[in-house]
Amino acid sequence: MGGGINMKRRVLLLLKRSMLDGYVSRERMQMCEPPFASLMVSHPKRFQTSPLKSKRRLVLKSYFLDPTHITSSRSKNFELAVGNLSDRHRVHQHTVEVCKDVLKRKSNVVWDSLMRDELRGCPIRDVDLVVTIGGDGTLLQASHCLDSSIPVVGVNSDPTRATIEASVADTQRHFLLVKVEENLEEFDATRSTGYLCAANADNFEQVLDEILDGSRKPLVLNRILTRIDGMNFTYPSLNDVLLSHPNPAAVSRCSFSIRKAGNDEPTTSVVHSRSSGLRICSAAGSTAAMASAGGEIMDFMSPDLQYMIREPIRPHPLFRDHLRGWIRPDEVLNVQWGCRQGVLHFDGSHVFQQVKFGSVIEFSSNAPPLKIFTNFSKNVQM
């Protein structure tokens with residue numbers, strides 16, 4: 001990281017509240033609080049939970065902890081699942097405290113914390129590093145508010161492991177996370193994958209030291225730029241974008257072609273599609289939903305984008321070879337939407353934008369790149 005030898009680094013800690021937190025979807029948030037000039041504020045209470053948010057989480061927790069709405073035949077499975085959620089919450093909180101303690105010990109760091117749902121889509125400015133604590137979702141949310149000047153590193157607060165014994169300093173209690181395999185017949189005990197995260201509670205200090213002393217370099221990853229009827233969408237996408245009908249059971253109709261950037265003439269045939277949607281991913285996002293749908297896992301540093309029609313409905317023989325493909329750095333995927341309703345989802349379900357019949361959506365890799373510290377930064381096998 002840049003800066004003089006004696007200069008203190010400004011770090012923003014962006015936190016997921018808990019495994020039970022309520023997350024509010026954001027639709028192209030244009031109305032938000034003014035971008036903060038600096039996160040090194042003298043009033044940390046502004047980052048605390050509001051009574052409304054506290055009440056919402058208490059209602060959610062009481063639902064999970066009150067089994068009266070569960071039939072007796074399933075109460076055992078329910079209790080196991082609730083116990084798993086409680087363990088996940090404790091592990092997450094433990095990781096948050098570990099990371100805060102590490103930052104407190106660093107004399108060359110000035111830091112502040114912010115809950116991810118308090119970010120409100122505003123741009124992050126005047127910090128040298130963003131540390132996200134949660135999983136890939138928390139890192140993706142932070143990425144929407146970052147340009148190419150501020151790097152981010154993710155801490156996986158609840159990784160899936162075979163077994164782990166963790167000590168919580170407050171209570172000196174030890175707890176054991178159960179194996180996923182032991183509970184396959186009862187409930188899904190899978191935790192966070194954290195594919196984009198470089199650290200966890202055990203190695204956060206080592207990773208942070210490597211970032212601060214410059215021995216760990218960030219990768220510069222391409223992101224997806226989406227233009228809707230000639231206007232750039234607010235947030236670049238690190239993983240993927242899904243275009244579909246709002247109703248998952250409805251048919252998605254669109255026509256698309258590949259064009260050279262800055263040229264209205266298509267370089268491929270116009271494909272007319274009826275399906276359950278169109279997905280576009282970056283190299284980083286090729287390991288997520290695209291891979292699950294049978295797409296190709298790309299080199300992490302590839303500048304290309306990949307697209308795929310989801311569940312095509314009896315495509316014309318002329319179109320079958322064009323239902324999936326590549327968008328090169330000098331190309332644009334031009335899509336004309338053919339349904340009365342449509343929605344674009346960016347990096348998951350929380351950020352979305354509605355489109356309508358006749359809307360023209362363009363996808364390219366012309367978005368500002370993202371600086372990210374990952375395990376790939378040191379060629380460490382995931």
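Which residues do ring pairs link into a cluster? Hold that thought while I say what we have here. This is a predicted model, where local features need pLDDT of at least 70 and side-chain atom pairs count only at pLDDT 80 or more, while totals for chains, interfaces and linings use all residues. Residues are numbered from 1 along each chain as its sequence is written, and side-chain values use heavy atoms, with hydrogens and water left out.

Okay, back to the rings. The cluster is made of Phe233, Tyr235 and Phe346, linked by ring pairs. By a pair I mean rings of Phe, Tyr or Trp (its six-membered ring) with centres within 6.5 Å; planes under 30 degrees apart are stacked, over 60 edge-to-face, and the rest tilted. A pair of aromatic rings is described by the distance of the centres and the angle of the planes.

Helices (H or I, at least four residues) and strands (E, at least two) are DSSP runs, numbered from the N terminus.

Is Phe300 buried or exposed? Buried means under 20% relative accessible area, exposed over 50%, and partly exposed in between, with a 1.4 Å probe and protein chains only. Phe300 counts as buried because its relative accessibility is 11%. Tyr195 comes out at 21%, so that one counts as partly exposed.

Next, Phe256 and Tyr307: also edge-to-face, 5.6 Å centre to centre, with 70° between the planes.

One more residue, Ser365, in the loop between strand 20 (360-364) and strand 21 (370-373). Ser365 counts as buried because its relative accessibility is 11%. Leaving aside neighbours within four places in sequence, Ser365 is in contact (heavy atoms within 4.5 Å) with Arg223, Pro303, Leu305 and Pro329.

Last, the whole chain. There are five helices and 21 strands, and 48% of the 382 residues count as buried. Of the contacts between residues at least 6 apart in sequence, 71% join residues at least 24 apart.
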